[in-house]
Structures are given as structure tokens and as C-alpha cells.
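Hi,

Here is the structure I promised to pass on. Please have a look, then read my notes below.

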Amino acid sequence: MSANKIFLVLLLFIPISIAAHFLEWGPLSVFLLSALAIVPLAAWMGTATEEIAVVVGPSLGGLLNATFGNATELIIGLVALKAGVIDVVKASIIGSIVSNLLLVMGLSMLLGGLRYKEQTFQPIVARTNASSMNLAVIAILLPTAVDVTSNGINEVTMQTLSSAVAVVLILVYGLTLLFSMKTHTYLYDAGVAEEANEELAEANLAPDEVEGKTNLWLWVGVLFVCTVMVAVESELLVDSLEEATARLGLTALFTGVILVPIIGNAAEHATAVTVAMKNKMDLSVSVAVGSSLQIALFVAPVLVLAGWAFGQPMDLDFNPFELVAVAVSVLIANSVSSDGRSDWLEGTLLLAAYTVLGLAFFFHPVIESIG
């Protein structure tokens, strides 16, 4: 069964999860059902964004993709933030970065490497992304370092520092968009153009026929409906989170770092792995690393500023172990991708690193189980 058919089947969990909430089937059932319902909604949001991008052109389309690329994670984060589940929000930021760099890229390299002995992608883009990720790690690490290396700073000061860092990160994110979509587009076009041309060939369409074949307002409507439904399902997920995870014996740390990112990133995981198995590692690496960059440079800063607006103490003062995990992930991912080639062994190494980190988060005793 193809990924698209699986996502269609999973749409059935939308009404089922809503029914579970109103019929009071219990928090564990609501949590699991709403998690399954979010997966196809995220996939359809991605499809709608891509279809709209085809019509509006590469510049506006690229901005649209950049804005909605991690909309699911952002919506879940905002809902959790408003509910005051700050530990889970922070952990999900770290978890999204770690899962994209290790789990998604690892699976892509492993499965692509099993089909093709060696795969290549542009090392220049990999090095540029690595530099941006290094900056993001430094920016995320410093507020915690300030707190740990001093006698402790008060909540207002930490919020102010985090907000200032958030503004810097958003500015850097804007510059990365300018670099990739305007001044140095030729570095990023190869994999995307190849994928687009193959899709057109399969549909027997010429490039100038695409705009006429794509129903712009239909896909705008799909994007709007999916965004609203993701917000609804996120409310159900967050409302049932505490009791459900307590019954499962999970901590806030493990839930945020492992479970929430897998739920929100499932569609992107499928896309990256699928294109890798078609020997399009440029596009696969772009999806995995680009998503991590967007989380670090856009989603995390937006959540910090939203915390300030909501009156919630959301800042960049993370659990030190979370920072160790993201630093290790960036280090090994940069090491593996810097040469512009990949094979199944490198994919296995990334997955092994993710497994070890997952075990460490599962047994980490610092944060008690929710509930």
C-alpha cells in the first residue's frame, strides 16, 4: 500500500477521535486516536502547500513551503504552550531537531543505501546547512549556559534574553530564505527540479500546463481546513496528554522529545524516505535538514515570543541533557553529510545514535512522569 493510500485510511481517525472525546472513551484512547488523526492532516497540508506553490511561482511558493513546512509542530506547540505544558513544548523543539537529523536522515540513507550502493548530494548545501545548524545550537545553548554559570537569573531576565535571541534567530532564518530562494537558488534547484520534472512526465504535462491543471482555490481550501483540523486535534492531544502518558508510564521529557515529534513529522518522514529510495538524496537531505533548521530558526523563536504574548514562562533555558542530545545530533549529522555522499552504513550509524538517545530519554529520571 502506498503512503498516499495509508494517509487516506488514517483520515478515518479524525471523526473517531472527536467521537472518543465527546463519548468519554478515556484520555489514553483520545490521545492515541488524535495522534493518528494528526498524521494524515500533516500530509495533506504538505500536499496542499506544494500544489499552491506550483501555481504562485518559485519565490512565493518557496516562502509558502518555508512557512507551512512545520506548521503541524508549530500548532501543537502553540496549543501545548497555551495549556501551560512548557516542559513538553521545550522537549518537542529538541525532539524535532533530533528526529529529523537522526531518524529521518538515518532511515533515508539506510533504505536508499540498500537499494543503491552509494548516493550523492550537493556538499556545498550540506556545509551551508551545517553552519546554520551550528549557529542554532549555540543560540539555544547560551541562555542555559548563562543560567548554569551564574547564581541563577530571574524569570523575567531569562524571558528577555530568550526573546532577544529569538529575534536574532528569526532574522537569520529570513536571511537563509533570501540565500536559498533569491541569491543562490542554483545551489538548491537541482533535486527539486528533477523531482518536479519527473512528476510532470508521469502526468504527461508540459510545465506551462501545470497552472491550468491545478485548482488553486481548492488547495487553498484544503490547506485552511487541514490547519483548522490540526488545531482541533492538537487540543484533544494536549488535553489528554497528562493522564495518557502517566498511564503509559512516560515522562514529560520522553513524550516531548520522542512521541510528539514523530506524530508531527510523520508525513515529512515518509516524503524523505520515499525520495531517497528513488535515488534523490538532494531532495531527501533537503527535507530532513531543512526541517531541523526551520524548527531551530523559526518555530522555536516563534514559540518563545508566543509564550511572552500568552504570559507563559516559555524561554530558551532547556534541560542540559536536551542540549547534549541536540549538540550530539548536529555533530554526527554534520559529520556524515559533509562529504556529499551516503550509504547504508552511515544511515545505520544515525539510527543507532537516535536509538541510544531515545533509551537515555526513556530512563532519564530528572523530570517525573506527568500526572
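Why does Leu250 count as buried rather than exposed? The relative accessible area of Leu250 is 9%, and the cut-off for buried is under 20%, so Leu250 qualifies. Keep in mind that this is a predicted model.

Where Leu250 sits: the residue is in a loop. Helix H11 (216-248) lies on one side of that loop in the chain, and helix H12 (252-276) on the other. Leu250 and Phe362 are 112 residues apart along the chain. Their C-alpha atoms are separated by 7.4 Å.

Next, the nonpolar cores. The largest has 95 residues. Within it, four residues touch the most other members: Ile97, Met105, Leu303 and Met314. Leaving out residues up to four places away in sequence, Leu303 touches Leu74, Gly77, Leu78, Leu81, Val89, Ile93 and Met314. Another core lies apart from the largest one. That other core has 7 residues, including Val39, Ala42, Ala43 and Ala266.

Now the chain as a whole. There are 371 residues, and 50% of them are buried. The secondary structure comes to 15 helices and 2 strands. Take the contacts between residues at least 6 apart in sequence: 85% of these join residues at least 24 apart. The accessible surface is about 16900 Å². Carbon and sulfur atoms account for 67% of that surface.

That is the handover. Over to you.

Best wishes

How values were computed
Residues are numbered from 1 along each chain as its sequence is written. This is a predicted model: local features need pLDDT of at least 70, side-chain atom pairs count only at pLDDT 80 or more; totals for chains, interfaces and linings use all residues. Side-chain values use heavy atoms; hydrogens and water are left out. A nonpolar core is a set of buried Ala, Val, Leu, Ile, Met, Phe, Trp, Tyr and Cys residues joined through side-chain atoms within 4.5 Å. Buried means under 20% relative accessible area, exposed over 50%, partly exposed in between (1.4 Å probe, protein chains only). Contact means heavy atoms within 4.5 Å. Helices (H or I, at least four residues) and strands (E, at least two) are DSSP runs, numbered from the N terminus. Accessible areas come from the Shrake-Rupley method with a 1.4 Å probe; for residues, only the protein chains shown count as cover.
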